[in-house]
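Thanks for making time this morning. I would like to walk you through one structure, and I will ask you to keep it in view while I talk.

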Amino acid sequence: MNYRRFKILIVTIALVSCQEAPVKTTQVLDEPAQAIDLNGYGQEITTLAQAELFANVKRAMEQGGPAYTIEYCNIHATPLTDSISGQFKVSIQRLSLKNRNPENSPKSKEDKLLLNHYLESLNEGLSVKDTLVKFGDKTFYYRPIMIAMETCLKCHGQPGVDINNETMATLYRIYPKDKAINYRLGEFRGVWKVTFSEME
C-alpha cells in the first residue's frame, strides 16, 4: 500500500509531570515531498484491524455465543493484530485503563497520560479525536475506541444484565483480573495505538 505524501503537522506531547495534562505543541515537517500522512495511514490500518477483529468476533458469536467468543478472542485476537502489524511494518496495540488481557494495559507514562486525557475530556462532555504523538525517532498514532454496538455489552456490559452467568464464569477462568466489564453503550473503551518507526 502506498503512503499518501504531503506536508503534515505532528502533535508532540511534552510531559510536565504525571499529574498534569499534556502540553501540545506543533512540529511541521520541512520536506513536503518526503512527509507522510501518518494520521491518514493510521486510520487506514486501524480501520482494517478493527474490521477484521469485529468480523472474527461476529463469526465466533454466531458459532458459539459470548462464552465461546471469550475463548476465541483469548487465542486469536493478538495473532490477528500481529499479522496486520507485519503486513504494514508497524506495531499495532489495543490499550485500555480497564483492560481484559494484561497485555493491553498501558505500560508507558505517555500512554497512561493520553488515555486519562481522553477519559477526562469525555467526562467533561468534550469530543476526542485521533492523535499523533512524536517521541524521539518514533511517531505514535492513537485512535479512541468506544462501545458502539449492543453486541459488545455481551462481554463488556453489566454482569447479570448484559453478561450471562456462563460468560462471567469463562471470564473469571481465563482473565481472573479482568477489568473490562460494567460498560454502557457509547462509553470510552480504550485506544488503538500504531507505532511508526522513523521513515526515510
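Let us begin with F88, which counts as buried in this predicted model, its relative accessibility being 6%. Y41 is buried as well, at 5% relative accessibility. A search of the whole structure finds five aromatic pairs, and Y41 and F88 form one that is edge-to-face, with 5.9 Å from centre to centre and 75 degrees between the planes. These two rings also belong to an aromatic cluster, whose other member is F196.

Another aromatic pair is made by Y68 and Y72, and this one is tilted, with the ring centres 6.5 Å apart and the planes at 35 degrees. How far apart are Y68 and Y72 along helix α1? They are four residues apart in that helix, so about one helical turn separates them.

Is N56 buried or exposed? With a relative accessible area of 12%, N56 is buried, because buried means under 20%. If we leave aside the neighbours within four places in sequence, N56 is in contact with Y72 and L80.

That brings me to the helix as a whole, and I would ask you to trace it slowly on the screen. Helix α1 covers residues 38-88, and while a straight helix of 51 residues would span 75 Å at 1.5 Å a residue, the end C-alpha atoms of α1 are only 12 Å apart. Where does α1 bend by about 125 degrees? The bend is at G64, and a proline, P66, follows within four residues. After the helix comes K89, whose phi is positive, near 60 degrees.

Two charged side chains deserve a look too. The charged end of R94 sits over the ring of W192, at 5.9 Å from the ring centre, and the charged end of K98 sits over the ring of Y183, at 4.1 Å from the centre of that ring.

Finally, a word on confidence. The protein averages a pLDDT of 83, and 80% of the residues score at least 70. Over residues 1-35, however, the pLDDT is below 50, although this stretch has 72 contacts in the model beyond near neighbours in sequence.

Technical notes:
Residues numbered from 1 in each chain as written. Heavy atoms only, no water. Helix = DSSP H or I, 4+ residues; strand = E, 2+ residues; numbered from the N terminus. Expected span 1.5 Å × (residues − 1). Bend = angle between axes of the 7 residues up to and from the residue. pLDDT = per-residue confidence, 0-100. Contact = heavy atoms within 4.5 Å. Buried < 20%, exposed > 50% of the residue type's maximum accessible area, 1.4 Å probe, protein only. Phe/Tyr/Trp six-rings, centres within 6.5 Å; stacked < 30°, edge-to-face > 60°. Lys NZ or Arg CZ within 6 Å of the ring centre and 35° of its normal.
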